[in-house]
Amino acid sequence: MSWGNVLVGVVSIYVTVAHFLRYKRRNGIVRRYNPESRQSLRALSLMDAHAIVLDIATLEFPSIFSGSIFFALFKTFGIPSISSVLTSTGQLSRSSTASKRAADTVILIAEVVLNEPSSTRVIDGVARMNYLHGRYRKSGKITNNDMLYTLGLLALEPIRWNAMYDWRLLTDVERCALGIFWKDMGEAMEISYDQLHPYPSFEFDDGLAWLDALQKWCDRYEQDHMVPAVSNKQVSKAALNNAVFNIPIRLRETAIRLVSVLFEPRLRRAMMIDDPPDLFTHLIPMILDLRKWFVRYLSLPRPEWSRTQWFTDEKDIATGRYHALRYLSHPWYMKSSFSSRWGLSALLTRLYGGVLPGDEGTKHHPDGYSITELGPAALVGKGEKEMNVTRTELTRRRGCPMGA
């Protein structure tokens, strides 16, 4: 037997085992919830849905899921009514505040998505979001349509990105779980779904029907409202500059043009961003297709002990606060450690001249964060009365099945 035959045999066995293990978790989810009919999907509880979403976000597709959430938030900047509010506050349009504003937003979303729905952390996270948005909603600066569109992107972009960029499609059970989870989140954030009633699928009381109606409404909303505006350009430029902060200065503009390949033409027009070169429009999809192929056939599934983590599970004994475990541009709320300063990614950041945990003293709050203090510095310590209203309501209703 030649070494070539042995190599072919070994590779074949490896690919077969990798394929089996890759689909084992997916098939387990399908068997566990037995979606033989739409009626069985209707029986999924919020806790069931969250368990499935947690696997999607931290085990099955952590990179593409997190990328889709970042993109969903970025995509809202293509709506003038949303970007104009952000420019008026200056929180995302000024370089001095954009980094912290982005970090606070990501942490709040991570807290409410990755913790159990009935946990204090989730209830505090939703309460804080409602307080931060509430002032603008009462004044009419943020409309229900703006909130519904943002919620729609958070629910729909992970499904779209998964279909385009990851190794398999989401199953009906997984998509239904996303629908149940985000529908409940919208209700907790007091978002009205009246706009969805004209779409027939909305009358079916399950996560898939809600997603279908939401997709149709969001598509129409984009057609009517995603139009060019100076505020779109200002906010998107600040966000992109923040995203490439830890890339060498000479390469930042190229990095932005590479990333812009992922933007739909309508979004680029709304943000007044030039179309990327033809080379980039072919290169990026090819790289993503290669990654998809590699993960599907050659990469073993992520084990349970290796779930992607975005924050500490417990409060720091010394400070009584939680710490972030990942960052994009600046290490907000990250505790300095040997690995965060001398690990491989830290060494690359040093090479590029970026910022590491522990740099610049206390500027990035290395003592950690309190969920109920996230947001603009001027609002720290404020909103307790308003947040208690949300806490009381969520404590009453969390954990109920869809539509309860």
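**View 1. Burial of His330 in the predicted model.** His330 counts as buried because its relative accessibility is 15%, where buried denotes under 20% relative accessible area, exposed over 50%, and partly exposed the range in between (1.4 Å probe, protein chains only). The model is predicted: local features need pLDDT of at least 70, side-chain atom pairs count only at pLDDT 80 or more, and totals for chains, interfaces and linings use all residues. Residues are numbered from 1 along each chain as its sequence is written, and side-chain values use heavy atoms, with hydrogens and water left out.

**View 2. Loop position of His330.** The loop between α14 (278-297) and α15 (338-342) contains His330. The chain has 17 helices and zero strands; helices (H or I, at least four residues) and strands (E, at least two) are DSSP runs, numbered from the N terminus.

**View 3. Surroundings of His330.** Apart from neighbours within four places in sequence, Ser99, Asn242, Phe245, Val355 and His364 are in contact with His330, contact meaning heavy atoms within 4.5 Å. The side chains of His330 and Ser329 make a polar contact (3.1 Å). A polar contact is a pair of N or O atoms within 3.5 Å; within protein, one must be able to donate a hydrogen and the other to accept it, and residues adjacent in sequence count only if both atoms are side-chain atoms.

**View 4. The chain around the site.** Of the 404 residues of the chain, 50% count as buried. Among the contacts in the chain with a separation of 6 or more, 73% involve residues 24 or more positions apart.
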